[in-house]
Amino acid sequence: MLTRFILATATLIQVWSLRTRGQDKISYHFPCSFLTTSWVKISATHHQRSSNRRGNKSLKSVRGIRTFNPTDYAKREYIFKKWKELAKAFSYSFYDLPVLEDYNIFQKTKINEAYDFVKNKRHLILRPEITPQLVRHLFVREERTHQSGRQEGNEQSEVAKQREDNQICENDRETIDQEGGGYSSPLQSAVLTNRVQTSARVRIKPYRLHNLRKIHKVSTIGQCFRYERTSNCRKREHYQWNMDIIGTDLIDADIEILTILISFFRRVHLLPSDVVIKINDKRIVSYMIKKIFKSSLREFSHPYIQQHVLKNILHNLDKYKKISSGIFKFFIQRKMPYLQRHEVTNFFNIIGKIKNLPDLATFFYSPGEQEIFSDLHNVLNYFQQMNLNRYFELDLTIVRGMDYYTNIIFESFYRHKEYRAICGGGRYSYVLNEGQRVCAVGFGMGDVVITEILFNNQERHGGNGPGNLADEFYKNVDVVSFSPSRAQHQPRQKHSVHPTHTHTQKEQVHIQKEHFHIVDTLRRNGVRVYSLLQGSNNNSLSKALKKANSLRANFFFFFDEHSELFILKDLRTGGQHAVTPEDVLSVYSSGISLPSPVVPPGAARGVAQGSAK
């Protein structure tokens, strides 16, 4: 017993000494042999390393999650600005929805990898897309409970489970326990089940029927998260611009959505030689599958063909241009071995050969079959009449990954370099629980690929790169303001060639006040004014002028110590003019040309010499 006590005490002292910071050696030594063994040395080394790790934490950024420095931020805001301008030009309403959502909203969405987790028994997710949220927001009312203190998690799933399994819900179970009943007889359970179903019908309010009768034109820019393998144009988060028309199945809505997409390309100077919109109709591909594999699918039911055969073939067709023909055929026959090999080969060849509407018309030769691609024909014919058909290509391999796309679908790509799709969209529909079908059309464009094309791709337009973009992105300064009068209280240099007049405190306040009013007048009228901060490196007029040129400003605003006037200098022409709060806007708007008198001749020479420094 005494030996065990000594060993335990020695172990505690050893652990305490190892936990002592700033000591490399053990503080206490006991005459116990096990304290000098290699095991203790290894443990001490491991503890020191772990202590160092705890003390010096390395703060690494999360892989695939971007940070935006001022340049990257300006690029992103330029794209956001163009997106918002297009949405306003077409009179779309803006909305915003939360990034963190209930996982059940996206259960029907094909999510490869998601940032999801369970918190307080509720399954949450960082949204991978926005469309399911929008449908829920417009048409499904939120569930309200009558009792306070009830947990939020899994309310709808609990009700569904109770209906299926004929069990007692949690609230009713608590009521029975309080009354001393515990789990009651089957008759009592049936009564409680009816009560659950009735209360569920009361709590779950009906759909927003007034929204079902409207046409909604909506737009948003939201951040989405997907735990994907990262690459140059694939991140684990991105900002997405969504444009949707909800509540109509008219082909005019498809045409308007595609018109918006083309308008964006034209605003950022992407011509048909730069981008292509590959368009398809899922109904055409579905009909071709049924027709080509007619003999193989003869004994299968229509629901099985719809739910199993079509989905598997469309899923593989999405990889048509990413894999070889042999692998494509192998994937299809591995999933569906009952498909005949010659039919699989025939399908592969036909899909690749059809490039335009005349090719498609040869396959759909009967009048009834031609109605299947009438919508696609009308869309392409409209843009041909508008002389915009060069933006489009018919591609039957474009099927989109989401299952809710039904009719016309499209994706846009960059021609000069192999990137991911710039954007994608099409006609989709949702069936609500009570049978109401929501028809819609829209597209989503992420910011990653379009940023790479507009700013980072030097091969664009013969290597000019960003030079072809709007000037406002590269120049966010209109006027650079420099006012050294705030430092007049500092002693001036002894060897100054042009000694300045030392202002009194009252004069100093007046100068600062007038400077403020001039700059404030410019800013209130939308002029971007950059104020140079006074310091040891920016206290000369020549350095301030160099800084204004480096910022690519149009004007340089400063206070001339010799004439004691505020001067606005046009850096494009070299002309300059004295300004006051009353006339600064007119001088700025009209510009200044050479020659332009500033002040009396003597003072003008002083200003010119000061500007040349």
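Tutor: Helices (H or I, at least four residues) and strands (E, at least two) are DSSP runs, numbered from the N terminus; by that rule the protein has 22 helices and 16 strands. This is a predicted model, in which local features need pLDDT of at least 70 and side-chain atom pairs count only at pLDDT 80 or more, while totals for chains, interfaces and linings use all residues. Residues are numbered from 1 along each chain as its sequence is written, and side-chain values use heavy atoms, with hydrogens and water left out.

Student: Why does T451 count as buried?
Tutor: Buried means under 20% relative accessible area, exposed over 50%, and partly exposed in between (1.4 Å probe, protein chains only). T451 has 15% relative accessibility, so it counts as buried. Of the 613 residues of the protein, 42% fall in that class.

Student: Where does T451 lie, and what does its side chain reach?
Tutor: T451 lies in helix α17, residues 447-456, and its side chain reaches the backbone oxygen of D447 at 2.5 Å. A polar contact is a pair of N or O atoms within 3.5 Å; within protein, one must be able to donate a hydrogen and the other to accept it, and residues adjacent in sequence count only if both atoms are side-chain atoms. Contact as such means heavy atoms within 4.5 Å, and, leaving aside neighbours within four places in sequence, T451 is in contact with I79 and N456.

Student: What makes α3 and α17 roughly perpendicular to each other?
Tutor: Axes are lines fitted to C-alpha atoms, for helices over the stretch in contact, and angles run from 0 to 180 degrees between N-to-C directions. The axes of helix α3 (residues 70-89) and α17 come within 10 Å and cross at roughly 110°. Angles under 35 degrees count as roughly parallel, over 145 as roughly antiparallel, 65 to 115 as roughly perpendicular and the rest as oblique; α3 and α17 are therefore roughly perpendicular. Residues K75, R76, Y78, I79 and W83 in α3 meet D447, I450, T451, L454, F455 and N456 in α17.

Student: How do you know that α11 is roughly antiparallel to α12?
Tutor: The axes of helix α11 (residues 302-317) and helix α12 (residues 325-335) come within 10 Å and cross at roughly 160°, and that angle makes α11 roughly antiparallel to α12. In this pair, H308, N312, N316 and L317 of α11 meet F328, F331, I332 and K335 of α12.
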